[in-house]
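Me: I've got this one open and want to go through it with you. Can we take it bit by bit?

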Amino acid sequence: MTDPVYRRVVIKLSGEYLAGQQGFGIDQPTMDRVADDLIAARRLGCEVAVVIGGGNIFRGVEVSSRGVSRTTGDTMGMLATMMNCLALEATIERKGAAARTLSAFVMPEISELFTRTAAHKYLAEGRIIVLGGGTGNPYFTTDTTAVLRAAEIGAEAVLKATNVDGVYSADPKQDPSAKRFDRLTHSQAIEGGYKVMDATAFALARETSLPIIVFSIAEPGSIGAILRGTGHGTVVAG
Ligand code: UDP
C-alpha cells in the first residue's frame, strides 16, 4: 500500500453536500458514502479530523435580514453543524470504525469539548475526530474553522472537499469559460476573491503555512486519491 502524502489532515465537508439531491437536511446514502471514504482514508494510515458545515440545515447570514440578529443566526448555524457531526459519528461507528465528536462549546450531555489534548488522544487511538460547532464564534465559517483546527492540532494540510474539482476563476457551472487552477499561492487565492473558500480561511492558512487542497468529493474514493498523491485538485500553498 502507498504511504499517505500527509500523516494528519483536517478534511472540510460542506453541509450542503450532505443534503444530496434533496437540497436540505441529511441524505443518508450520501452520508454513508462520505463515511466510507473517510474510513478508507483512515485505513491508509492517515490521522483524520473532519470539520463539517451546517449549510444543509442553517446559515446565520440567511436569517439576519429577517428579524433574527446575525449573532443569534450564527449560533443557530453552529448548532446545525453539531447535528451533522452526530449523524456522521453515528454513521462511521455503524460501519465498525471509531469516531469521536468534539464540540467548540460546552454541551456535556451531547459531546465532549474540543481541546488539543482530547483531539490528540483520540487521533492516537485511531479514531476519526469530528469537530463541531465551528470556531464557537459568530461571523466565522467552517472553512476558517478547518484551518484553525488544522493549525491547532498540527495537521499537515486542509482538504477542502467540495462540489467542483478545484479553484476556478468563476463558477464553472455558470461560466463555461471559467479557468481552473492547478496551483495558487494563498495570496493569489485571496486577491482573486475566488468564492470556493473565504478570505479569512486563506489568510489564516497563509499565516500558519498550511496547504489547502480543494477537490471534488463527488467522485467516490477522492479523499484517498488526494492522500495517496494521485488525486485531482487545486493546491493552495506558499
Ligand atoms: N458559523 C459560525 N461560526 C463558525 C462557523 C460557522 O457562526 O465559526 C455559522 C454560520 O452561521 C454559518 C453556519 O454556522 O453560516 C454554517 O457553517 P458554514 O456556512 O461554514 O457551512 P457550509 O457552507 O460549509 O455548509
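Reply: Helix 4 (residues 70-94) has 25 residues, so at 1.5 Å a residue it should span 36 Å, and its end C-alpha atoms are 36 Å apart, which agrees. The expected span is 1.5 Å times one less than the number of residues. Helices (H or I, at least four residues) and strands (E, at least two) are DSSP runs, numbered from the N terminus.

Me: What should I know about the model and the numbering?

Reply: This is a predicted model: local features need pLDDT of at least 70, side-chain atom pairs count only at pLDDT 80 or more, and totals for chains, interfaces and linings use all residues. Residues are numbered from 1 along each chain as its sequence is written.

Me: On to the ligand. Which residues come nearest?

Reply: G53, G55, G60, G77 and G134, out of 23 residues around the ligand. A residue is near if its C-beta atom, placed from the backbone, lies within 6 Å of the molecule.

Me: Which element gives the largest share of that shell?

Reply: Helix 4, with six residues. By class, the shell has five nonpolar, 15 polar and three charged residues. Here Ala, Val, Leu, Ile, Met, Phe, Trp, Tyr, Cys and Pro are nonpolar, Asp, Glu, Lys and Arg are charged, and the others, Gly among them, are polar.

Me: Where does UniProt put the "binding site" feature?

Reply: The unreviewed entry lists G54, D74, T135, G136, N137, P138, Y139, F140, T141 and T142. They are spread over 89 residues of sequence but cluster in space, with a largest C-alpha distance of 14.2 Å. UniProt annotations may be inferred rather than shown by experiment.

Me: Is D74 buried or exposed?

Reply: D74 counts as buried because it has 24 C-beta neighbours inside 10 Å. The cut-offs are 20 or more other C-beta atoms within 10 Å for buried, 12 or fewer for exposed, and partly exposed in between. D74 sits in helix 4 and, leaving aside neighbours within four places in sequence, is in contact with G60, P138 and Y139. Contact means C-beta atoms, placed from the backbone, within 7 Å.

Me: And where is T135?

Reply: In the loop between strand 5 (128-132) and helix 6. T135 has 19 C-beta neighbours inside 10 Å, so it counts as partly exposed.

Me: Changing topic: what's the strand order in the open sheet?

Reply: The nine strands go 4-3-5-2-1-6-10-11-9, with mixed pairing. Two strands pair if DSSP finds at least two bridges between them.

Key
Two residues are in contact if their C-beta atoms, placed from the backbone, lie within 7 Å.
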